[in-house]
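Below is a short briefing on a two-chain model. Please look over the sequence and structure first.

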Amino acid sequence: MIEIKNLTKRYGAHAAVDGLTFTVEKGEICGLLGPNGAGKSTTMNMITGYISATDGTASVDGLDIFDEPQKARAKIGYLPEIPPLYTDMTPYEYLIFVAELKGVKRAERHDEVERVMEKTGVSDVAERLIKNLSKGYRQRVGFAGALVGNPEVIILDEPTVGLDPKQIIEMRELIKTLASDHTVLLSSHIMQEISAVCDKVVIISKGKLVAYDTPENLSADTQRKRTLKVTALDTQGEVNSVLKQLKDVENIELLPCEEEGAVTAEITTTEDKDLRAEVSSALSKAGCAVLSMKTEVLSLEDVFLALTSENQPEASEEIQGEKQEEEAQK
Amino acid sequence: MFAIYKKDLKSAFTGMTGWVLCAFVVFMSGLYFTALCLTGGYADYGYVLNNMTFIFIAIVPLLTMRCVEERRQKTDQLLLTSPVTICQIVWGKYLALLTVYAVPILVMCTCPLVASKYGTVSFARAYSCILAFFLVGAAALAIGLFISTLTESQIISAVLTFGSLLILYFMPSLATMLPSTAGASLIAFTMLAIVVGIIVYVMTKSVVTAAGVVSAGEIALLIIYFVNSDLLESAFPNMLTALGLFSRFTNFVNGIFDVTGLVFMASTALLFVLFTCQSYEKRRWN
């Protein structure tokens, strides 16, 4: 449904987005994940045709956003980072305007607006001025605007920013319900959000694609090497030597332990092998009672940190990148 | 287009801006109408309008600077990502501005009728003046709209528009002050070429293109100067006079239905609306 090929945006020598390629299938919820200044908003602005691409193409349902902008945009509902709201209007007026802008027929406008207001829960503030609404409600009005006209593709730039925990859960539920008949692309720098709702994750860092897979596969990928944390009694100081004799152990790191006479070892295995039984029996044979044992499971958050820190930008560069991204949005 | 037109018009009259500006224009026209026609006994409404051309310098910057807000609040993101063309957006905005400005003009249209109660009034002359007055405003609004797309600050937009219109207003008097020799025109045109070169550089960031534009202009000028310097005789002041938007209006006041003037005003308006579209488009390609 959304096809992005080699999408690039350059500002002078700096590349905000650098050769991004991925596809979002129909009915999928795809998460665009990356640290601040990674190029998430720039990417979305290019997909929606708000800014041009230096190189590459983006198309929606086979329609290129640069060649057939009107037709392609008619299929997209977009909620930018800052909801584009006219603050001197009421949500109802605003949504009627958006409906007219998107070419919803006059007779259907009222019903359509009622439908999206119902869906996003802004019906009870429909007659208040947007400037008097809280951040959470504004976000929802913006979201309602993206849903007007029932476009096939919904693009949401950090949709849960500024919402309270309850609203965040509601928003996620709402996004999930959309997946049945929409294709959703959403960006976030919050991991739980992506792992909670997305079928596919695109991780970008410094404008480059670093990973593109399902959340499960991503966690599994970097989990090939398991780590096992074991705390055992170590009166004669032999835990280290006992563990070293075990097969499939790649690395052992001894950590200081709070308990007296005990030691904590972090064992990294060479392959995806569960060593718990071996470790436990070997240690008890040697007379070192095991006090606790824990396998570290990598969450998407760890994956994200691992992937994005590999090519971690220097602080100054990152700030510059963000600035340029801001400029781009202006 | 119609959606944006309605939205802009509504927002002008939801806030104070539209009402205050309309009231100001109506008040000023009423003041001059009372002083010149009702008290002074002039039957010609053109004199009233002739005294009022300065109001453009006051109201146009105030009307057009609000368009900057769209960009600052990022609402342009909604417009530019919705299935409408940039031309539709710009025309919607421009027509809304024109409509706000047309409200006091309609009120003014009643003045010749009032005056006719007290004597003979040439309606043809009065209404052709009002038409020209409307078109001068339409051109000024297009210029202001274009300038508003160049900046992100309302103040800068207002000041630049104010300055540009002020220069246009004083253009004929400026022209008479300049020396009219061929050499002076050569220098003036050279300076103009350099300014154009700087603008080209700012827009394209290419030294070669900018230098090319300047040197091409300069070579053409030098050829004209050395081959037939009579052509440059008072050419620059003449050009300034020809570009004077407000001076065209004087013809109408003097009772001439100046078709070239009407075409000039309408084409200035169209040209600047087109520039505005290009300026919007350019932002996307930054």
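This is a predicted model: local features need pLDDT of at least 70, side-chain atom pairs count only at pLDDT 80 or more; totals for chains, interfaces and linings use all residues.

Residues are numbered from 1 along each chain as its sequence is written, while chains are lettered from A and ligands numbered from 1 in the order in which they are written.

**Chain A**
- Chain A has 12 helices and 14 strands (DSSP runs numbered from the N terminus: H or I of at least four residues for helices, E of at least two for strands).
- Of its 330 residues, 42% are buried, meaning that 20 or more other C-beta atoms, placed from the backbone, lie within 10 Å of the residue's own.
- An automatic or database assignment gives domain 1 (2–220 + 302–329) and domain 2 (224–296) in chain A.
- The C-alpha centres of these two domains of chain A are 46 Å apart.

**Contact between the chains**
- In chain A, 22 residues are in contact with 19 residues of chain B (C-beta atoms, placed from the backbone, within 7 Å).
- Helix H2 (69–73), strand E6 (76–79) and helix H3 (91–101) of chain A each supply at least two residues of the chain A side.
- H3(A) gives the largest share of that side, 3 residues.

**Helix pair in chain B**
- Helix H7 (residues 86–116) and helix H8 (residues 123–148) of chain B pack at about 155°, with axes 10 Å apart.
- H7(B) is therefore roughly antiparallel to H8(B) (angles over 145 degrees).

Notes. Two residues are in contact if their C-beta atoms, placed from the backbone, lie within 7 Å. A residue is buried if 20 or more other C-beta atoms lie within 10 Å of its own, exposed if 12 or fewer, and partly exposed in between; C-beta atoms are placed from the backbone. Axes are lines fitted to C-alpha atoms, for helices over the stretch in contact, and angles run from 0 to 180 degrees between N-to-C directions. Angles under 35 degrees count as roughly parallel, over 145 as roughly antiparallel, 65 to 115 as roughly perpendicular and the rest as oblique.
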